[in-house]
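This briefing covers a single protein chain, starting from one residue and its surroundings. Cut-offs for each term are given where the term is first used.

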Amino acid sequence: VDGGGESGEAEDLGYSIQNDGSYMVYNADGLLAWNKAAQKDESINCTLTADIDLTGRDWTRIDTWPGYSGVFNGQGHRITGLNFSAATTELFGLLNVRGVIKNLQLIDVNLYGSSGSAAGIVEQNEGQIIACSVTGKISASYGGTCGIAESNYGDIIACWFDGTLKESNNGAIVRYNYADITSCYWGGNAGQGVFRIEGGTVDATKVDGATVKWQTAVDGMNTALTAGDYQWILGTDGLPVLQKRQ
């Protein structure tokens with residue numbers, strides 16, 4: 001689309017807004033525009049219609065109170081280039097009990113918590129995180145590191161992490177669990193899926209390459225996704241990828 005506007009065409013914003021206020025997003029500009037709107041209204045839904053490259057772009061985590069209560073649907077797409085440092089560093093701060101993040105792949109993140117925790121997707125989950133994955137490096141000056149969430153008071157279903165976490169005080173899926181983790185898997189350097197189990201149920205399995213392979217993870221996660229519109233398959237790089245259920 002012509003960005004100059006001299007022909008009278010609209011500027012390409014990277015998103016469209018539906019009648020209910022939901023954003024349909026197809027590039028980095030669009031995702032950052034949704035981010036800005038969601039900082040003011042934590043209920044705005046976001047659906048990705050393409051892979052998003054955030055390389056060189058600044059992300060501000062969604063930090064509204066009482067937490068993000070919309071639906072963020074990746075539709076199986078990938079977000080690459082998420083590379084940032086902040087006091088505490090996640091895609092979202094708090095996911096509200098009504099909030100849902102699903103069908104999303106974060107690829108090769110590089111996250112650093114300068115004075116607190118760092119996690120791939122949320123700091124505190126009270127909603128549902130379904131069929132999401134994170135790969136890359138997550139570190140912190142002190143405080144814990146985790147692949148999916150710092151603490152879980154909701155549901156985390158059929159998610160996986162593969163990458164590098166700070167050596168100590170980490171959890172490949174979550175650090176502190178108070179609710180339910182179902183059919184989740186992890187690879188990489190983390191020794192445990194959950195650093196501390198305070199309650200709930202934990203079904204998190206390490207992919208060791210011997211007795212548990214990534215195909216095992218695909219099969220296990222898909223068993224938990226029978227009601228969903230996406231499923232995991234083994235990708236060409238040997239890690240699970242999302243595809244629309246046939």
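Leaving aside neighbours within four places in sequence, Ile156 is in contact (heavy atoms within 4.5 Å) with Asn125, Ile129, Ile148, Ala149, Ile173, Val174, Asp180, Ile181, Thr182 and Cys184. The model is predicted: local features need pLDDT of at least 70 and side-chain atom pairs count only at pLDDT 80 or more, while totals for chains, interfaces and linings use all residues. Residues are numbered from 1 along each chain as its sequence is written, and side-chain values use heavy atoms, with hydrogens and water left out.

**Nonpolar cores**
- Ile156 is one of the residues with the most contacts inside the largest nonpolar core, together with Leu31, Trp34, Trp59 and Phe72; this core has 49 residues.
- A nonpolar core is a set of buried Ala, Val, Leu, Ile, Met, Phe, Trp, Tyr and Cys residues joined through side-chain atoms within 4.5 Å; buried means under 20% relative accessible area, exposed over 50%, and partly exposed in between (1.4 Å probe, protein chains only).
- Elements that each supply at least two residues of this core include helix H1 (28-40), strand E9 (100-113), strand E12 (128-140) and strand E19 (180-188); helices (H or I, at least four residues) and strands (E, at least two) are DSSP runs, numbered from the N terminus.
- H1 gives the largest share of this core, 6 residues.
- Another core, of 18 residues, lies apart from it and has Ile130, Val207, Val218 and Leu242 among its members.

**Ser117**
- Ser117 sits in the loop between E9 and strand E10 (118-119) and is buried, at 7% relative accessible area.
- The side chains of Ser117 and Glu90 make a polar contact (3.3 Å); the term means a pair of N or O atoms within 3.5 Å, where, within protein, one must be able to donate a hydrogen and the other to accept it, and residues adjacent in sequence count only if both atoms are side-chain atoms.

**Parallel sheet**
- An open sheet of 3 strands runs in the order E10-E13-E17, with parallel pairing; two strands pair if DSSP finds at least two bridges between them.
- E10 and strand E17 (170-171) are the edge strands, each pairing on one side only.
- Strand E13 (residues 145-146) pairs with E17 over 2 bridges, and Thr145 has Asn170 as its bridge partner in E17.

**Whole protein**
- The secondary structure comprises 2 helices and 23 strands.
- Of the 246 residues, 51% count as buried.
- Among contacts between residues at least 6 apart in sequence, 65% join residues at least 24 apart.
- Along the principal axes, the C-alpha atoms fill a box of roughly 60 × 45 × 30 Å.
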